[in-house]
Amino acid sequence: MPGYGFPRKLRLTEPVQFKTVFNRADIKVSNRCFLILARRNELQHGRLGLVISKKNLPKAVQRNRIKRLLRAEFRLNQNLLDGLDIVILARSNMSSINNKTIAVNMAGLLSDLVRKSRAHVQSCS
RNA sequence: CGAGUCAGCCAGGCAACCGCUGAUACAAUUUCGUAUUGGAGGAAAGUCCGGGCUCCAUAGGGUAGAACGCCUGCUAACGGCAGGGGCGCGUGAGCGUACGGAAAGUGCAGCAGAGAGUAGACCGCCUCUAACUUUUGAAGUUAGAGGUAAGGGUGAAAGGGUGUGGUAAGAGCGCACCGCGCAGCUGGUAACAGUUUGCGGCAAGGUAAACCCCGUUCGGAGCAAGGCCAAAUAGGGAUCCUGAGGUGCGACCCGCACUGGAUUCGGGUAGGCUGCUAGAGGUGUUCGGUGACGAAUAUCCCAGAUGAAUGGUUGCUACGACCUUUUUUAGGGUCGGACAGAACCCGGCUUAUGGCUGACUCAAUUU
RNA sequence: GGCGCGGUGGCAGAGUGGUUAUGCAGCUGACUGCAACUCAGUGUACGCCGGUUCGAUUCCGACCCGCGCCU
């Protein structure tokens, strides 16, 4: 698995894919900024989907900013996340939080996620 | 230095690393690689107007409805813009202005007030009559009959203003001046302005962002328009309505086009391509015009995503604010950079918002 | 992205150019031994900013919210 790229095959692009993750989310991690749902897929790589609602972040600039930051975090940590379909949901009142805090938050959440997924794999096997 | 008015400009820069995406080329093959190159705004926003484009008939006629409304121009078009006029606001630079018609008709004006629309008599003023009081004449009080719009008071609004004559008291009732209306003349393309001209003699109150009248404009829907391909399925069953019918042109009638239509039962798909970015395009120069704008010419190609790209981290540096050093036209440190993200494309308007520059006005002070 | 509808007390819900009804809820009093029911009284509203008008919740314009429809 090379590098830190983020091509289209690493994204969830269809409603069916989102639905499977929502209906059978094996792993859940959250803090007061985000909620992460994840589930194992049959692929060699992870896939990312983002749910940033207009209700929680009314302005398009804010939504785009959050999405870019989340994609960057996924991109840089994707080697740890292979074989997982991940959906990240944003919670409200994110507009005042700056980029650095979000990065720190996400790093913590992703490490939690990795730990839980390993535990899940072991319990399954 | 302070308070303001108007106009214009910018939306920090460079580099490194990690990424996204369009186009082109080369490799390749099943969607991945390499190289080059492009990649948000002044408001991309609100969707308030106007157009292009697409379909409905090549968008036709009439009615209804809607919008607009000083004049002249600009424009593809506009409810926009430019120049000019009237009115209003401001000491001023300047700003605002839905600004046609109330002499075609209908309506409305609560409360207050005498009266609210072919005006009106509550108080007041005046005359006359009767009674009473005082009395030389005559005056006063009360009651009644009239006259009167000068004064008071009500109201958002009370049917010209000042003076003078006149009168019982008054009154455009007459006159002078001012104001007003109509006509003429002069200037101006026009709106309109001026007038030592003539006439009228004070009506024709307000409200048209009330109905309305006059003039001008407007067919409807919207790129989720529309077109193509693929996949799936049934060319299915039942009931009803009819041929002077039904459907479409999404208010109605005409007119035009098409030819069965509607309801229901059971079942299925909603994936891709295109539309899609070369345009009333940008930039520069010259010419015409007070200006909006137009013409000519040269040059450039300058976003095209679709769970939705245009970013993240770091360093240097410019700018601003604050703190500090005292080697003071300098050095060091900290913090900050607004509003906001294209979704078919343009022209405007409105709203949000950080800063810079220039011109001008007012006030105070200095020279 | 486009198109359309609405905003009136704590809640529902009429209305119109001239002091905004009504019901439920709340509070006070009466009735009761105490409550309920009932009766009487009471307070709180036209989303925000401008304009037209003597006067605007209503008419006009801009803004802010909320809701619906079209793939």
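Select residues 60–76, helix α2: at 1.5 Å a residue its 17 residues should span 24 Å, and its end C-alpha atoms are 25 Å apart, which agrees. The expected span is 1.5 Å times one less than the number of residues. Helices are DSSP runs (H or I, at least four residues) and strands likewise (E, at least two), numbered from the N terminus. This is a predicted model: local features need pLDDT of at least 70, side-chain atom pairs count only at pLDDT 80 or more, and totals for chains, interfaces and linings use all residues. Residues are numbered from 1 along each chain, chains are lettered from A, and side-chain values use heavy atoms, without hydrogens and water.

Stay on α2 and select Arg63, Ile66, Leu70, Glu73 and Phe74, which are buried (under 20% relative accessible area, 1.4 Å probe, protein chains only). On the face turned away from that buried side, pick Val61 and Arg68, both exposed (over 50%).

Next, show RNA strand B. It is surrounded by 22 residues, the closest being Arg8, Leu12, Lys59, Arg68 and Arg71. Near means a heavy atom within 4 Å. The largest share of this surface, 7 residues, comes from α2.

Zoom in on the phosphate oxygens of RNA strand B. A polar side-chain atom of Lys59 lies 2.7 Å from one. For Arg68, a side-chain N or O atom is 2.9 Å from a phosphate oxygen. For Arg71, the distance is 2.5 Å.

Finish at Ile88. Ile88 touches residues including Phe34, Leu48, Leu70 and Met106 (heavy atoms within 4.5 Å).

How values were computed. A polar contact is a pair of N or O atoms within 3.5 Å; within protein, one must be able to donate a hydrogen and the other to accept it, and residues adjacent in sequence count only if both atoms are side-chain atoms. Lists of a residue's contacts leave out its neighbours within four places in sequence.
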